[in-house]
Amino acid sequence: MERNYEFTWDIIGDIKAGRPNLGNLVDITLYRLLQYTFRDVAERQLGTEACDKLFYDAGFLAGKFFFDHFMSEYKDKPFNEFVAQLQETLKTLGIGILRIEKADTEKGQFVLTVSEDLDCSGLPDVGLEVCNYDEGFIAALFFKYTGIEFAAKEVDCWASGDRTCRFEVNRTCRFEVNKIS
């Protein structure tokens, strides 16, 4: 299959050269305009389940590239150092404020929150968890750090009436050595 848009980090381009006056900053309203109009069209054309999977998979792809670009030097560091750097990077980039609520490295089970989340903090209460993209993103970060498959599921969301997004992250396969213990 011929593809026009296979993602590589290079496709992001040279922001400094292309936007010498405006730089890399854009109002979060426009980011959400892009995300939620895309989500609307995808859901109408594909259905809700396929749309959610599309966003999860896109988040997973983004998380892998994010790790390679921003976090790769922490791959062999202890888990607490990795998390501290991830917290700093997510905050510095304006993605959100990460907290680890529970960490069982032996079982590969984690609960984490992202406050002031880029995707949903401030949205109206629609009674739904909407951060499928974030689920994939988080699963990819754990995968890239450990080499072990993880699944992330949002269990609380600003859009479901909570004031932080909470994710359960669980190892999905056990055939590799658990590096994070």
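Predicted model: local features only at pLDDT ≥ 70, side-chain atom pairs only at ≥ 80, totals over all residues.
Modeller: Quick ground rules: local features need pLDDT of at least 70 and side-chain atom pairs count only at pLDDT 80 or more, while totals for chains, interfaces and linings use all residues. Residues are numbered from 1 along each chain as its sequence is written, and side-chain values use heavy atoms, with hydrogens and water left out.

Biologist: What kind of aromatic pair do Trp9 and Phe70 form?

Modeller: Rings of Phe, Tyr and Trp (its six-membered ring) pair if their centres lie within 6.5 Å; planes under 30 degrees apart are stacked, over 60 edge-to-face and the rest tilted. Trp9 and Phe70 sit 5.9 Å apart centre to centre with 80° between the planes, so by those cut-offs the pair is edge-to-face.

Biologist: And how are the rings of Phe110 and Phe142 arranged?

Modeller: Their centres are 4.9 Å apart. The planes meet at 50°, so this pair is tilted.

Biologist: Are Phe110 and Phe142 buried or exposed?

Modeller: Buried means under 20% relative accessible area, exposed over 50%, and partly exposed in between (1.4 Å probe, protein chains only). Phe110 and Phe142 are both buried.

Biologist: Which residue's charged end sits over the ring of Phe55?

Modeller: The call needs NZ of Lys or CZ of Arg within 6 Å of the ring centre and within 35 degrees of the ring normal. Here the distance to the centre is 4.5 Å, and the residue is Arg39.

Biologist: What is the phi of Glu116?

Modeller: Most residues other than glycine have a negative phi. Glu116 isn't a glycine, yet its phi is positive, at about 50°.
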